[in-house]
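Subject: Handover of a structure

Hello,

Please open it alongside the text.

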Amino acid sequence: MTKETLGRPNTSNKTVLKWVDEIVKLCKPDQVYWCDGSKAERKALLAEAVEKGVLIKLNPKKLPGCYYHRSNPNDVARVEQATFICTENQDEAGPTNNWMAPKDMYAKLRGLAAGSMRGRTLYVVPYLMGPPGSPLTKVGIELTDSIYVVLSMGVMTRMGTLAFEQLGEGDGFNRGLHCMLDVHPDRRYIAHFPQDNTVISVGSNYGGNVLLGKKCLALRIGSYLGRQEGWLAEHMLILGVEAPNGEKTYIAAAFPSACGKTNLAMMIPPPAFKGWKIWTIGDDIAWMKPGPDGRLYAINPEAGYFGVVPGTNSKSNPNAMQLISHDTIYTNVALTPDLDVWWEGKDGPAPKECLDWRGNKWTPESKEKAAHPNSRFTAPMANNPMLAPEANDPHGVPISAIIFGGRRSDTIPLVFQSFNWVHGVYLGATMGSEMTAAAVGGAGQVRRDPMAMLPFCGYNMGDYFRHWINMRKHIKYPPRIFHVNWFRKNAQGHFLWPGFGENMRVIKWIVDRCHGRADADETPIGWVPNPKSFDLNGLPGFTVEQFEQLQAINEEEWRREVLMQDELFMKLHSRLPKELIFQRELLLART
């Protein structure tokens, strides 16, 4: 069966051509379009998306180059219950992942995909995860029937012919197939086949489920490949801290959702830190590999930001407000009559009237939120006024510190440092965060999210911990590991720490520890700053007593914390490294 081809294949790679042909025969699209990633192509695709009603062009005076997308109300977030790791052996996937045998999942998905693109265009989207020429960079090809996905992948990855140039005639690329189907939850699957380097997503058009370079390749498949190849694929931001004398220190940090990860990656230091700068390398994903000099080097494999909009404003994240002011796709925010966008937490008063994320009329008296709590912006990293010059360096940056953090109202101090690498792995493995009221289980319940990777680890999490511990053998100068908690409260329920830009004070102590310039006191849980080594200058109304309250270690709370950590460890007991059990025993002995 011959199909019209729009845009000629921009590769002679026989493996690619054969695979695309197989998918065309399966899905039966009316036409096939090969993306080249050019500016002219993007302009034409944006115009087509507007014509088809997939996008709405926003007010060019207020938001030049910006567009609005409204997703199906049943399709607004990642679906962990429909996300599968398909390995030959269920134990390889582990107890924290949904599993199905590859043979069975392939049969199910082929049945759903068969003929699913009739009347539609199949887009061939070649892309790079990582800077061109980097030894860590991976090539992916996503076949999709969604123009929204094509345009978003053009922002989030280095998309186009350059990916085929890096691939050459090889077959080492991630095969990604995305079929929207009818966007029905009963036919929604995001299936990963780590042993085949393949991802198939059907029944969704939400970014986290269908931008296959992001969580699918960069984390679930990436973590599996990293274990095979001796590197780490992590759900981490990467930032550069520049001191007034020009010294640069690079930090990677893992936080579960709703813990301020993007805000930290784009933080602006407070006035008391004149001359200091925070540079963003990445806000979500870090690929890290030991370098020839014995240090751990990291790249951000992405080329854009897919960030949560609500709560973003000029106080919480001024750099983000600047970067989303142009050339951005907004999804599921509110739309004003003059084609501007609005969300809860945005600067200024709420509009008197607008359309909410579902397209219904909304006023400030409405009971529903105008913007969906998980509404998103998709913006190129080049928009970031503090994008690090090293963001495109194929060699990556040397990581001096790794930070783990969660949202905890008690027990956990503002900041402390692990005693050593294995103790640091233990801190990451036991990391937890309090659920919000919207989450299953209710507010206040602590959900364990090891290294913020629980939904994203592509294999058995016990083996993942083992891989982290083993990496120490290959890193001569390992990063120091820290834990932070911006969210501790007093007995009256008020936050003890101002947060936002003042988090620079924590970052400075961490940087000074990395360079041997700051003292710390030994405690049962790790090394903590004392008031003399922690910079509180220019923080109005904040006393040494408040700092000591923020850093207090309550042994009874910590004994309860250690018992709570057992739940995850028991689930992973058959593959849990004994080193982590020893760390737990040591902590119990010290508290």
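Does Met451 count as buried or exposed? At 0% relative accessibility, Met451 counts as buried, where buried means under 20% relative accessible area, exposed over 50% and partly exposed in between, with a 1.4 Å probe and protein chains only.

Before the rest, some notes on the source. This is a predicted model, in which local features need pLDDT of at least 70 and side-chain atom pairs count only at pLDDT 80 or more, while totals for chains, interfaces and linings use all residues. Residues are numbered from 1 along each chain as its sequence is written, and side-chain values use heavy atoms, with hydrogens and water left out.

Loops

Met451 is located in the loop between strand S29 (446-448) and H12. Helices (H or I, at least four residues) and strands (E, at least two) are DSSP runs, numbered from the N terminus. Met451 is not a glycine, yet its phi is positive, about 50°. Most residues other than glycine have a negative phi.

Thr411 is likewise not a glycine and has a positive phi, of about 70°. The loop that holds Thr411 runs between strand S26 (397-405) and strand S27 (415-417). Thr411 is buried, with a relative accessible area of 2%.

Ser134 is in the loop between strand S7 (121-129) and strand S8 (138-144). With a relative accessible area of 4%, Ser134 is buried. Leaving aside residues up to four places away in sequence, Ser134 touches Gln166, Ile299 and Pro394; contact means heavy atoms within 4.5 Å.

Cores

The largest nonpolar core has 93 residues, and Met288, Ile402 and Trp468 have the most contacts inside it. A nonpolar core is a set of buried Ala, Val, Leu, Ile, Met, Phe, Trp, Tyr and Cys residues joined through side-chain atoms within 4.5 Å. Apart from this core lies another, of 61 residues, with Ala253, Ala391, Val484 and Ile510 among them. Beyond residues up to four places away in sequence, the contacts of Met288 include Leu136, Trp231, Met236, Tyr297 and Ile402.

Helix H13 (residues 504-514) has 11 of its 11 residues buried, so it is largely enclosed by the rest of the structure. Just after H13, Gly516 takes a positive phi of about 70°.

Helix pairs

Two packed helices are described by the angle between their axes and the distance between the axes. Axes are lines fitted to C-alpha atoms, for helices over the stretch in contact, and angles run from 0 to 180 degrees between N-to-C directions.

Helix H11 (residues 421-429) and H12 have axes that come within 9 Å and cross at roughly 155°. H11 and H12 are therefore roughly antiparallel to each other; angles under 35 degrees count as roughly parallel, over 145 as roughly antiparallel, 65 to 115 as roughly perpendicular and the rest as oblique. H11 passes H12 in a right-handed crossing. A crossing is left-handed if the near helix is turned anticlockwise from the far one by less than a right angle, and right-handed if clockwise. On the H11 side, Trp421, Val422, Val425 and Ala429 meet Phe465, Trp468, Ile469 and Met471 of H12. This contact divides into 8 nonpolar, no polar and no charged residues. Here Ala, Val, Leu, Ile, Met, Phe, Trp, Tyr, Cys and Pro count as nonpolar, Asp, Glu, Lys and Arg as charged, and the others, Gly among them, as polar.

Ile469 belongs to helix H12 (residues 461-471) and is buried, with a relative accessible area of 7%. Its contacts, not counting residues up to four places away in sequence, are Trp421, Val422, Val425, Pro577, Glu579 and Leu580.

Helix H15 (residues 555-564) and helix H17 (residues 578-590) have axes that come within 10 Å and cross at roughly 160°. That makes H15 roughly antiparallel to H17. The crossing of H15 past H17 is left-handed. Trp558, Val562 and Leu563 of H15 meet Arg584, Leu587 and Leu588 of H17, a contact of 5 nonpolar, no polar and 1 charged residues.

Regards
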